[in-house]
Amino acid sequence: MATGLDISKRVVNGITIMDLQGRATIGANTDKLDHALRQLVAAGTLNILMNLAQVTMMDSSGIAAIVGTYVSLTREGGSLKLSRPSARVREVLRVMRLLDSIPTFDNEAEALTSFGATAQSAGS
């Protein structure tokens with residue numbers, strides 16, 4: 001079983017989607033995640049969707065990387081959203097009370113549509 005974290009990025013309709021695969025746990029994995037998120041924010045990326053469908057485990061350090069980026073993007077007028085967390089990761093998010101704070105979607109299409117609504121309301 002892989003213990004690392006693979007991160008790939010793609011852009012759909014101006015939204016940066018990060019596809020994560022593996023474990024977002026303390027050490028090199030969350031350092032990698034935190035670095036990737038900071039790079040996106042530093043490059044001016046305002047809207048990030050994190051696809052968590054292939055994340056097998058997440059601990060408080062993975063949560064910290066997500067929350068830190070969520071706060072930074074919100075300050076900049078952007079947003080971070082989560083899609084398709086596995087049952088195990090969803091439980092961690094629920095226990096940490098993040099499902100109430102960070103928009104989380106069961107499918108990517110809904111998540112992408114939600115960014116459109118956010119962008120339009122910001123401009124009106």
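1. Where pLDDT is low, the predicted coordinates should not be read in detail.

2. The whole structure is a predicted model, in which local features need pLDDT of at least 70 and side-chain atom pairs count only at pLDDT 80 or more, while totals for chains, interfaces and linings use all residues. Residues are numbered from 1 along each chain as its sequence is written, and side-chain values use heavy atoms, with hydrogens and water left out.

3. The mean pLDDT of the protein chain is 92, and 92% of its residues reach 70 or more.

4. The protein chain has four helices and five strands. Helices (H or I, at least four residues) and strands (E, at least two) are DSSP runs, numbered from the N terminus. Their order from that terminus is β-β-α-β-α-β-α-β-α.

5. As to overall form, the C-alpha atoms fill a box of roughly 45 × 30 × 25 Å along the principal axes. The radius of gyration of the protein chain is 14 Å, which agrees with the value near 14 Å for a compact globule of 124 residues. That radius is taken over C-alpha atoms, and the globule rule is 2.2 Å times the number of residues to the power 0.38. Of the 124 residues, 40% count as buried; buried means under 20% relative accessible area, exposed over 50%, and partly exposed in between, with a 1.4 Å probe and protein chains only. Among contacts with a separation of 6 or more, 65% are between residues 24 or more positions apart.

6. The five strands form an open sheet in the order E1-E2-E3-E4-E5, with mixed pairing. Strand E1 (5-12) and strand E5 (104-105) stand at the edges with a single partner strand each, so one side of each is left without a neighbour in the sheet. Two strands are taken to pair if DSSP finds at least two bridges between them. Strands of a sheet pair through backbone hydrogen bonds, either parallel or antiparallel.

7. E1 and strand E2 (residues 15-24) run antiparallel and are joined by eight bridges. Within this pair, Val 12 stands opposite Ile 15 in E2.

8. Helix H3 (residues 87-95) lies across strand E3 (47-58), strand E4 (79-83) and E5, and runs at about 110 degrees to E3. Axes here are lines fitted to C-alpha atoms, for helices over the stretch in contact, and angles run from 0 to 180 degrees between N-to-C directions.

9. Five salt bridges are found in the whole structure, each being a side-chain nitrogen of Lys or Arg within 4 Å of a carboxyl oxygen of Asp or Glu. In one of them Arg 10 pairs with Asp 19, the closest N and O atoms being 2.5 Å apart. Arg 10 is partly exposed, at 31% relative accessible area, whereas Asp 19 is buried, at 15%.

10. Another salt bridge joins Arg 38 to Asp 34, with the closest N and O atoms 2.8 Å apart. The two residues are four apart in helix H1 (residues 28-42) and therefore separated by about one helical turn. Arg 38 is exposed, at 56% relative accessible area, and Asp 34 is partly exposed, at 24%.

11. Arg 90 forms a salt bridge with Asp 106, the closest N and O atoms being 2.5 Å apart. This pair links distant parts of the chain, 16 residues apart: Arg 90 belongs to helix H3, and Asp 106 to the loop between E5 and helix H4 (108-123). Arg 90 is partly exposed, at 28% relative accessible area, while Asp 106 counts as exposed, at 58%. Elsewhere, salt bridges that share partners join Arg 10, Asp 19 and Glu 108 into one network.

12. Two backbone angles deserve a check. Arg 84 has a positive phi of about 55 degrees although it is not a glycine; Arg 84 is in the loop between E4 and H3 and is partly exposed, at 35% relative accessible area. Arg 97 also has a positive phi, near 60 degrees; Arg 97 is in the loop between H3 and E5 and counts as exposed, at 61% relative accessibility. Most residues other than glycine have a negative phi.

Notes:
Contact = heavy atoms within 4.5 Å. pLDDT = per-residue confidence, 0-100.
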